[in-house]
Amino acid sequence: MPKHSFFRLNEARREEISNRAMHLFVDHPYEDITMKMVFDRLSMHPGTFYRYFEDKDDLYCLLIRNVTRKRAAYFNNNDGDSLNQFFLTRLFGNTNGLVTEPLNELEIKLTETFLNIPEDVLLKVYLNVLKGESFPLIKGILRRMRVDGYLRPDLDDDLIAFMFESMQFNLVMFFREFDIKDSKLQHRISMYFADFMGHGLLEDHQYAALVSDFKKAKE
(Lines give C-alpha, C1' and ligand atoms only; values in the text may rest on other atoms or scores of the structure.)
Protein backbone atom coordinates (compact mmCIF):
# COMPACT_ATOMS: atom_id res chain seq x y z
CA MET A 1 0.00 0.00 0.00
CA PRO A 2 1.11 3.63 -0.45
CA LYS A 3 3.66 5.11 1.89
CA HIS A 4 2.67 7.52 4.68
CA SER A 5 3.93 10.43 2.59
CA PHE A 6 1.10 9.87 0.09
CA PHE A 7 -1.56 10.25 2.77
CA ARG A 8 0.01 13.50 3.90
CA LEU A 9 -0.96 15.02 0.55
CA ASN A 10 -4.16 17.05 0.57
CA GLU A 11 -7.33 15.28 -0.53
CA ALA A 12 -7.57 17.09 -3.86
CA ARG A 13 -4.07 16.01 -4.86
CA ARG A 14 -4.71 12.39 -3.81
CA GLU A 15 -7.91 12.33 -5.87
CA GLU A 16 -6.10 13.80 -8.87
CA ILE A 17 -3.43 11.09 -8.70
CA SER A 18 -6.05 8.37 -8.28
CA ASN A 19 -8.21 9.57 -11.19
CA ARG A 20 -5.24 9.83 -13.56
CA ALA A 21 -4.04 6.39 -12.51
CA MET A 22 -7.50 4.85 -13.00
CA HIS A 23 -7.63 6.14 -16.58
CA LEU A 24 -4.23 4.57 -17.21
CA PHE A 25 -5.20 1.12 -15.90
CA VAL A 26 -8.55 1.22 -17.70
CA ASP A 27 -7.07 2.34 -21.02
CA HIS A 28 -4.22 -0.19 -21.21
CA PRO A 29 -3.66 -3.88 -20.36
CA TYR A 30 -1.82 -4.16 -17.06
CA GLU A 31 1.25 -5.86 -18.51
CA ASP A 32 1.64 -3.17 -21.19
CA ILE A 33 1.86 -0.30 -18.70
CA THR A 34 5.47 0.74 -18.23
CA MET A 35 6.77 2.87 -15.40
CA LYS A 36 7.43 5.64 -17.93
CA MET A 37 3.72 5.57 -18.80
CA VAL A 38 2.90 5.84 -15.10
CA PHE A 39 5.22 8.82 -14.60
CA ASP A 40 3.88 10.55 -17.72
CA ARG A 41 0.21 9.99 -16.88
CA LEU A 42 0.67 11.24 -13.33
CA SER A 43 2.95 14.09 -14.48
CA MET A 44 5.30 12.96 -11.74
CA HIS A 45 9.08 12.71 -11.50
CA PRO A 46 10.29 9.14 -10.74
CA GLY A 47 11.77 10.28 -7.44
CA THR A 48 8.45 11.78 -6.41
CA PHE A 49 6.53 8.65 -7.42
CA TYR A 50 8.76 6.37 -5.34
CA ARG A 51 8.35 8.72 -2.41
CA TYR A 52 4.66 7.76 -2.44
CA PHE A 53 4.54 4.22 -3.88
CA GLU A 54 6.71 1.11 -4.00
CA ASP A 55 5.82 0.28 -7.60
CA LYS A 56 3.01 -0.01 -10.15
CA ASP A 57 1.36 -2.80 -8.15
CA ASP A 58 1.27 -0.56 -5.09
CA LEU A 59 -0.54 2.14 -7.07
CA TYR A 60 -3.07 -0.36 -8.39
CA CYS A 61 -3.70 -1.70 -4.88
CA LEU A 62 -4.54 1.84 -3.75
CA LEU A 63 -7.15 2.20 -6.47
CA ILE A 64 -8.79 -1.14 -5.66
CA ARG A 65 -8.80 -0.26 -1.98
CA ASN A 66 -10.52 3.05 -2.74
CA VAL A 67 -13.40 1.45 -4.67
CA THR A 68 -13.65 -1.35 -2.11
CA ARG A 69 -14.06 1.16 0.71
CA LYS A 70 -16.57 3.15 -1.30
CA ARG A 71 -18.69 0.05 -1.76
CA ALA A 72 -18.25 -0.91 1.88
CA ALA A 73 -19.60 2.47 2.96
CA TYR A 74 -22.63 1.90 0.75
CA PHE A 75 -23.43 -1.50 2.22
CA ASN A 76 -22.79 -0.37 5.77
CA ASN A 77 -25.41 2.33 5.32
CA ASN A 78 -27.99 0.27 3.47
CA ASP A 79 -30.08 -2.00 5.67
CA GLY A 80 -31.77 -3.60 2.69
CA ASP A 81 -28.74 -5.30 1.22
CA SER A 82 -28.03 -8.93 1.98
CA LEU A 83 -24.73 -10.79 2.18
CA ASN A 84 -25.41 -12.30 -1.23
CA GLN A 85 -25.93 -8.88 -2.83
CA PHE A 86 -22.74 -7.69 -1.17
CA PHE A 87 -20.76 -10.55 -2.66
CA LEU A 88 -22.21 -10.19 -6.13
CA THR A 89 -21.37 -6.51 -6.36
CA ARG A 90 -17.94 -6.72 -4.71
CA LEU A 91 -16.05 -7.40 -7.93
CA PHE A 92 -18.51 -7.22 -10.75
CA GLY A 93 -20.22 -3.93 -10.00
CA ASN A 94 -23.84 -4.73 -10.73
CA THR A 95 -26.67 -7.14 -10.07
CA ASN A 96 -29.15 -7.98 -12.82
CA GLY A 97 -27.55 -5.31 -14.97
CA LEU A 98 -28.28 -2.47 -12.52
CA VAL A 99 -25.68 -0.52 -10.62
CA THR A 100 -26.24 -1.28 -6.95
CA GLU A 101 -23.61 0.97 -5.39
CA PRO A 102 -22.38 4.50 -5.97
CA LEU A 103 -19.33 3.86 -8.14
CA ASN A 104 -18.91 6.09 -11.15
CA GLU A 105 -18.33 4.69 -14.64
CA LEU A 106 -14.55 4.92 -14.41
CA GLU A 107 -14.47 3.13 -11.06
CA ILE A 108 -16.66 0.33 -12.39
CA LYS A 109 -14.34 -0.10 -15.39
CA LEU A 110 -11.42 -0.29 -12.97
CA THR A 111 -13.06 -3.19 -11.09
CA GLU A 112 -13.42 -5.01 -14.40
CA THR A 113 -9.63 -4.90 -14.92
CA PHE A 114 -9.34 -7.10 -11.83
CA LEU A 115 -10.33 -10.07 -13.98
CA ASN A 116 -7.32 -9.65 -16.28
CA ILE A 117 -4.38 -8.55 -14.15
CA PRO A 118 -1.41 -10.96 -13.77
CA GLU A 119 -1.93 -13.71 -11.20
CA ASP A 120 0.85 -12.48 -8.92
CA VAL A 121 -0.77 -9.03 -8.81
CA LEU A 122 -4.20 -10.60 -8.29
CA LEU A 123 -2.88 -12.48 -5.27
CA LYS A 124 -1.19 -9.33 -3.95
CA VAL A 125 -4.42 -7.35 -4.23
CA TYR A 126 -6.40 -10.10 -2.55
CA LEU A 127 -3.97 -10.54 0.36
CA ASN A 128 -3.09 -6.87 0.87
CA VAL A 129 -6.41 -5.20 0.10
CA LEU A 130 -9.54 -7.31 -0.28
CA LYS A 131 -8.77 -9.68 2.57
CA GLY A 132 -8.34 -6.93 5.11
CA GLU A 133 -11.20 -4.78 3.83
CA SER A 134 -13.95 -7.33 3.24
CA PHE A 135 -13.50 -9.64 6.24
CA PRO A 136 -14.72 -7.18 8.92
CA LEU A 137 -17.45 -5.92 6.58
CA ILE A 138 -18.83 -9.42 5.99
CA LYS A 139 -18.72 -10.14 9.73
CA GLY A 140 -20.67 -6.94 10.29
CA ILE A 141 -23.32 -8.01 7.77
CA LEU A 142 -23.54 -11.41 9.46
CA ARG A 143 -24.13 -9.74 12.83
CA ARG A 144 -26.80 -7.55 11.30
CA MET A 145 -28.51 -10.55 9.71
CA ARG A 146 -28.39 -12.35 13.06
CA VAL A 147 -30.04 -9.45 14.85
CA ASP A 148 -32.72 -9.38 12.15
CA GLY A 149 -33.37 -13.09 12.69
CA TYR A 150 -32.11 -14.38 9.34
CA LEU A 151 -29.11 -16.39 10.51
CA ARG A 152 -29.15 -19.76 12.15
CA PRO A 153 -27.82 -19.40 15.69
CA ASP A 154 -24.96 -21.91 15.43
CA LEU A 155 -22.91 -20.14 12.74
CA ASP A 156 -19.24 -19.35 13.28
CA ASP A 157 -18.81 -15.84 11.88
CA ASP A 158 -15.07 -16.22 11.26
CA LEU A 159 -15.55 -19.34 9.16
CA ILE A 160 -18.42 -17.94 7.08
CA ALA A 161 -16.73 -14.56 6.56
CA PHE A 162 -13.54 -16.29 5.41
CA MET A 163 -15.46 -18.50 2.97
CA PHE A 164 -17.29 -15.57 1.38
CA GLU A 165 -14.12 -13.49 1.32
CA SER A 166 -12.01 -16.14 -0.40
CA MET A 167 -14.81 -17.10 -2.80
CA GLN A 168 -14.41 -13.88 -4.78
CA PHE A 169 -10.73 -14.67 -5.39
CA ASN A 170 -11.44 -18.28 -6.32
CA LEU A 171 -14.16 -17.29 -8.78
CA VAL A 172 -11.76 -15.01 -10.62
CA MET A 173 -9.28 -17.89 -10.80
CA PHE A 174 -12.07 -20.16 -12.09
CA PHE A 175 -12.95 -17.70 -14.86
CA ARG A 176 -9.31 -17.55 -15.88
CA GLU A 177 -8.79 -21.30 -15.79
CA PHE A 178 -11.72 -21.94 -18.12
CA ASP A 179 -11.37 -18.71 -20.12
CA ILE A 180 -14.83 -17.43 -19.19
CA LYS A 181 -14.89 -13.83 -20.44
CA ASP A 182 -18.60 -13.28 -20.98
CA SER A 183 -19.65 -10.86 -18.21
CA LYS A 184 -23.24 -12.16 -18.16
CA LEU A 185 -22.05 -15.73 -17.69
CA GLN A 186 -19.63 -14.58 -14.99
CA HIS A 187 -22.53 -12.93 -13.23
CA ARG A 188 -24.72 -16.05 -13.47
CA ILE A 189 -21.94 -18.24 -12.05
CA SER A 190 -21.27 -15.75 -9.24
CA MET A 191 -24.97 -15.57 -8.46
CA TYR A 192 -25.20 -19.37 -8.34
CA PHE A 193 -22.38 -19.73 -5.85
CA ALA A 194 -23.55 -16.84 -3.70
CA ASP A 195 -27.00 -18.43 -3.58
CA PHE A 196 -25.50 -21.88 -2.99
CA MET A 197 -23.45 -20.64 -0.03
CA GLY A 198 -26.37 -18.58 1.21
CA HIS A 199 -28.41 -21.75 1.67
CA GLY A 200 -25.77 -22.90 4.14
CA LEU A 201 -26.81 -20.08 6.45
CA LEU A 202 -30.16 -21.77 7.05
CA GLU A 203 -31.02 -23.91 10.06
CA ASP A 204 -29.22 -27.26 10.07
CA HIS A 205 -28.85 -29.26 13.29
CA GLN A 206 -26.06 -31.45 11.90
CA TYR A 207 -24.03 -28.34 11.21
CA ALA A 208 -24.41 -27.29 14.85
CA ALA A 209 -22.38 -30.30 16.00
CA LEU A 210 -19.63 -29.52 13.46
CA VAL A 211 -19.39 -25.89 14.59
CA SER A 212 -19.22 -26.99 18.19
CA ASP A 213 -16.22 -29.21 17.39
CA PHE A 214 -14.67 -26.46 15.30
CA LYS A 215 -14.91 -23.94 18.14
CA LYS A 216 -13.29 -26.40 20.54
CA ALA A 217 -10.42 -26.87 18.05
CA LYS A 218 -9.98 -23.08 17.77
CA GLU A 219 -9.76 -22.80 21.56
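Trainee: How many helices and strands does the chain have, and what makes a stretch count as one or the other?

Mentor: The secondary structure of the chain comes to eleven helices and two strands, where helices are DSSP runs of H or I with at least four residues, strands are runs of E with at least two, and both are numbered from the N terminus. Read from the N terminus on, the elements follow the order α-α-α-α-α-α-β-β-α-α-α-α-α. This is a predicted model, in which local features need pLDDT of at least 70 and side-chain atom pairs count only at pLDDT 80 or more, while totals for chains, interfaces and linings use all residues. Residues are numbered from 1 along each chain as its sequence is written, and side-chain values use heavy atoms, with hydrogens and water left out.

Trainee: Why is Arg-65 called buried?

Mentor: Buried means under 20% relative accessible area, exposed means over 50%, and partly exposed is in between, with a 1.4 Å probe and protein chains only. Arg-65, which lies in helix α5, has 14% relative accessibility and therefore counts as buried. Across the 219 residues of the chain, 46% count as buried.

Trainee: Which residues does Arg-65 touch, not counting residues up to four places away in sequence?

Mentor: Contact means heavy atoms within 4.5 Å, and with that exclusion Arg-65 touches Met-1, Phe-7, Val-129 and Glu-133. Glu-133 is found in helix α8, and, leaving aside its neighbours within four places in sequence, Glu-133 is in contact with Arg-65, Thr-68 and Arg-69. Although Glu-133 and Arg-65 are 68 residues apart along the chain, their C-alpha atoms are separated by 7.7 Å.

Trainee: What makes a set of residues a nonpolar core, and which residues touch the most other members of the largest one?

Mentor: A nonpolar core is a set of buried Ala, Val, Leu, Ile, Met, Phe, Trp, Tyr and Cys residues joined through side-chain atoms within 4.5 Å. The largest nonpolar core has 55 residues, of which Phe-25, Tyr-60, Phe-114 and Val-125 touch the most other members. Among the elements that give two or more residues to this core are α2 (11–27), α5 (56–76) and α8 (119–147), and α8 gives the most, with eleven residues.

Trainee: Why are α2 and α3 called oblique to each other?

Mentor: Axes are lines fitted to C-alpha atoms, for helices over the stretch in contact, and angles run from 0 to 180 degrees between N-to-C directions. Angles under 35 degrees count as roughly parallel, over 145 as roughly antiparallel, 65 to 115 as roughly perpendicular, and the rest as oblique. The axes of α2 and α3 come within 9 Å and cross at roughly 135 degrees, and α2 and α3 are therefore oblique to each other.

Trainee: How do you know that α2 is oblique to α7 as well?

Mentor: α2 and α7 pack at an angle of about 50 degrees, with their axes 9 Å apart, and that makes α2 oblique to α7. The contact of α2 with α7 divides into five nonpolar, three polar and two charged residues, where Ala, Val, Leu, Ile, Met, Phe, Trp, Tyr, Cys and Pro count as nonpolar, Asp, Glu, Lys and Arg as charged, and the others, Gly among them, as polar. Phe-25 and Val-26 are among the residues of α2 in this contact, and Leu-110 and Thr-113 are among those of α7.
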